[in-house]
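Please open the model in your viewer and keep the selection panel at hand.

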Amino acid sequence: MSNSAEPGALLDLTLTAGERAFRDEVATWLAENAPRERRPYDGRAMVEFDRAWQRRQFDAGWAGISWPAEYGGRGLSLVQQVIWYSEYARAGAPTETGVCFVGNAHAGPTLIACADEQLKQRHLPAILSGEEIWCQGFSEPGAGSDLAGLSTRAAVDGDHLVVNGQKIWTSYAHHAQQQELLVRTSTGARRQDGITWVVCPMDTPGIEARPITTITGHDDFCAVFYDDVRIPLSNVVGTIDDGWRVAMSTLSFERGTGFLPEQVELVARVDELVELARTRTDRAGRTLICDAGWAERLATARAEAHAVLAMTLAVVSRNARSTLPGPEASMVRLLFSQLQQRVSALAVDLRGLEGLQEGSPWVHDYLYLFATTIAAGTKDVQRSIVAERVLGLPRGR
């Protein structure tokens, strides 16, 4: 798969000989090493499962595939990353968004881009090996995913920051050893001014993580409270009041491949539903695929799943030729999150009463995926980005 240097050129989907050899290497390793058992939904068993899988990838040199080699990563090109994620999904490997996701995809890349060497050496090896689990202290009750509106405050006291406030919807906070924390240290002319990015050890006195049980019956999320929490100034990444720039720098590592495994997996899941409809029958004894209503839903889902995957490849190709990712990724994120919900509903509907059985994976996925249009920027935030930065509509319309 080559990328033309000409801006606006079409993506060439033909793999080179070297890329085909790389694909075969990846497929072989995943076939021999990816866990076959289903990932536990929560608790200590889930944490140990994710850590063991992270450690296996680390030991084999497959952890941190986008990280520079000098920091222990694989240093793969964008094309190689696409190949890795595609084969990862085809192998049925565990979800990339487990307890190691924040460290691998957010905290680690941010430390590489903006932290001093001391922080890099302290944390990067522990992230890659699965020794350190990280959580993200960004969203707040009064601001949601609007980072510029955060109000958790930190005051400088000697050589420490003293933090007071609350975060919400913090994934795996009760399992994490470290947190990437955004706090307000001053106010400026812009809402984005006066924010600081700091590494917060989760065992610091004054931190309380309260698990939140969701409609799935599990407690992946937490509300996190900070009461005079003292964090050394040496844990600040970048400088005081420079947190907005630091947080945005993470985007330079996210080139549109973040949800590629789930998108490839979704295409495969729709194909499985098509096959299911060829064998299931209605009360009249007809296979469901012969019903115009079912056929239309399945055909639409298949077309949309392939369309989202094609859009992602186009975004990845475009990002390979630019210094910063464009707003087009928000279109993909919006479409993909809503499509996931429609496909999960279709999976439950096709199975009838079986699809409603308590504890079934289809019911779990159906309930869990309600969060996809909220996490990583709500669908409303994504729509605003598309309206303003893609369509050029005015703000405050």
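Which residues of α7 are buried? To find them in this predicted model, select residues 260–279, the range of helix α7. The buried positions are Leu260, Pro261, Glu262, Gln263, Val264, Leu266, Val267, Val270, Leu273, Val274, Leu276 and Ala277. An α-helix has 3.6 residues a turn, so residues three or four places apart point the same way.

Keep α7 selected and examine its length. The helix has 20 residues and spans 30 Å from its first C-alpha to its last, close to the 28 Å expected at 1.5 Å a residue.

Now display the entire protein as a cartoon. Eleven helices and eight strands make up its secondary structure. Along the principal axes, the C-alpha atoms fill a box of roughly 75 × 50 × 50 Å.

Then show contacts across the chain. Among those between residues at least 6 apart in sequence, 68% join residues at least 24 apart.

Finally, switch to a surface view. The accessible surface comes to about 18,900 Å², and carbon and sulfur atoms account for 54% of this area. Of the 397 residues, 46% count as buried. Colouring by charge brings up 39 positive and 49 negative charges, whose mean positions are 4 Å apart.

Key:
Residues are numbered from 1 along each chain as its sequence is written. This is a predicted model: local features need pLDDT of at least 70, side-chain atom pairs count only at pLDDT 80 or more; totals for chains, interfaces and linings use all residues. Side-chain values use heavy atoms; hydrogens and water are left out. Helices (H or I, at least four residues) and strands (E, at least two) are DSSP runs, numbered from the N terminus. Buried means under 20% relative accessible area, exposed over 50%, partly exposed in between (1.4 Å probe, protein chains only). Contact means heavy atoms within 4.5 Å. Accessible areas come from the Shrake-Rupley method with a 1.4 Å probe; for residues, only the protein chains shown count as cover. Lys and Arg count as positive and Asp and Glu as negative; His and the chain ends are not counted. The place of a charge is taken as NZ of Lys, CZ of Arg, CG of Asp or CD of Glu. The expected span of a helix is 1.5 Å times one less than its number of residues.
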